[in-house]
Amino acid sequence: MFAKLGAFCFDRRRVVALVWVALLVAGLAASGALTSRLKGDQGTKDWESVRAYDKIRETAPYGTEVGAIVDGLTITDPVLVRAVKDAEADLKNTPGIGTVEDPVSSDQPLSEATDHRALLITVKLERGLPQGREDAVIEQTEQRLRGIAGAAPGTKVTIGGDTLLRREVNTRTRADTTVGEIVALPLTLIVMTLIFAGFVAAAVPFVGALASISGGLLTLYGFSYLLDLDPNVLSVTTVLGLGLSIDYSLLIVSRFREERAGGAEPRQAVISTVMTAGRTITFSALTVATALAGLFVFPSKIFRAVASAGVGVVVVALLVGLTLTPALLSMWHPKIRVRAAQGSRDGVFARMARLTRRHAILVTVGITAVLVAAGLPFLHANFQNSTSALLPKGFESRRFAELKTTRFPGGGSAPIVVVANTDATTLQLWALSLNGTPGVAAAARADQRTPGVSLVTILPKASPRDAEAGALVQRLRAD
């Protein structure tokens, strides 16, 4: 099979190369649409919090939310009140907007800053808006909210919300991935040129890396229609695509040069290379892909997303090594310098093997110590989901989240939302009874979603990572 594949890649080298060029272009084109489909980890439906989130989403009368913090004047300032009221009236008359929560006359404890010098305005769009229409309504909403600063001199408007935060995280992730590729790929080409003592031989792994990354992005775009993907899968695809493709291509190119140095004609050299090195990289790729596929059994979506990214790009890197690399060698072999393999007993790795065997116990203890030392920092690792902390401080969505944390009731705590199969009045009475109990800062007004389903927000005093907040959640669930 490998011999036939090598012969095909040599005889149809231009066709193989053109197919990969088409896949490269398709992958680059899909990368833009892919970033807009990336989402944070929503957990698994086995978690009570995820079931509550799904119930909230199913019964929500409105769709996407856009928040604005108006900061700078006291909340009772007549100029500020008038500017906010005018903006509210305009937004309520804007097609596509479902409702605007009035922070001036609202009795919600989350809408006024603790220092009474900032207001939180929440605009909720209608449900089911097409993506293009939703984007246009969000842009209109942002423009009108920013207009408050002009109508009330001395104020500053900061726009944010989960939707805008996710967009900025995706934008930043894509930009960082692009910068990483711009830096890594030229450096890789330089190193490969030095190793192979020739530009053309070095260009083969370089082109293979480009094709692997692009093909990996294309497979991710397909996976995005089957499961939710975290923004981190972009970096996983880039790193694995770059590393594995270069690794496999190096082995293929080195083996090809050895065959040529032994006197083999180009066609036979390609066939022999695919028969030997091709079998090696196939075994390696299938082993890596099988190991990564084990992440699919984990309930958390982030592991499944990493698995999809890893398996996809490994398979693409393997296909690049078995088809594109031999095709490039078939086309460029006149410009690739022939070099025989170094004597097996004289190389660096041969000397390292002999040294390791002579001092086996010492080497084992030393390497074990290094691995343990490398793993010690993970005892104090602070794992987080995709939040505003992923963004640089200059991003508006992060400033919005930080203002809510530092200026509004609850401080660093995250609100606890209780979804109950009851009416709003009953749930409100229960929520009010929590005021003054250990760990509770405040309770918001209950909201009737559908007949028999209501929700209320409880504001804890402690941070979500504190034991006190965890104990409060357990107490609420038990009640």
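Trainee: How many bridges join strand S1 to strand S3, and which way do the two run?
Mentor: Eight bridges join S1 (residues 62–71) to S3 (residues 118–126), and these strands run antiparallel. Strands here are DSSP runs of E, at least two residues long, while helices are runs of H or I with at least four, all numbered from the N terminus. This is a predicted model, where local features need pLDDT of at least 70, side-chain atom pairs count only at pLDDT 80 or more, and totals for chains, interfaces and linings use all residues. Residues are numbered from 1 along each chain as its sequence is written, and side-chain values use heavy atoms, with hydrogens and water left out.

Trainee: What's the bridge partner of Gly 67 in S3?
Mentor: That's Thr 122.

Trainee: And in what order do the strands of the open sheet come?
Mentor: S2-S3-S1-S4, four strands with antiparallel pairing; strands pair if DSSP finds at least two bridges between them. S2 (97–101) and S4 (156–160) are the edge strands, each pairing on one side only.

Trainee: Switching topic, how do H1 and H10 pack?
Mentor: H1 (residues 2–11) and H10 (residues 301–332) pack at an angle of about 50°, with axes 8 Å apart. Axes are lines fitted to C-alpha atoms, for helices over the stretch in contact, and angles run from 0 to 180 degrees between N-to-C directions.

Trainee: Which residues of H1 make the contact?
Mentor: Phe 2, Leu 5, Cys 9 and Phe 10, with contact meaning heavy atoms within 4.5 Å.
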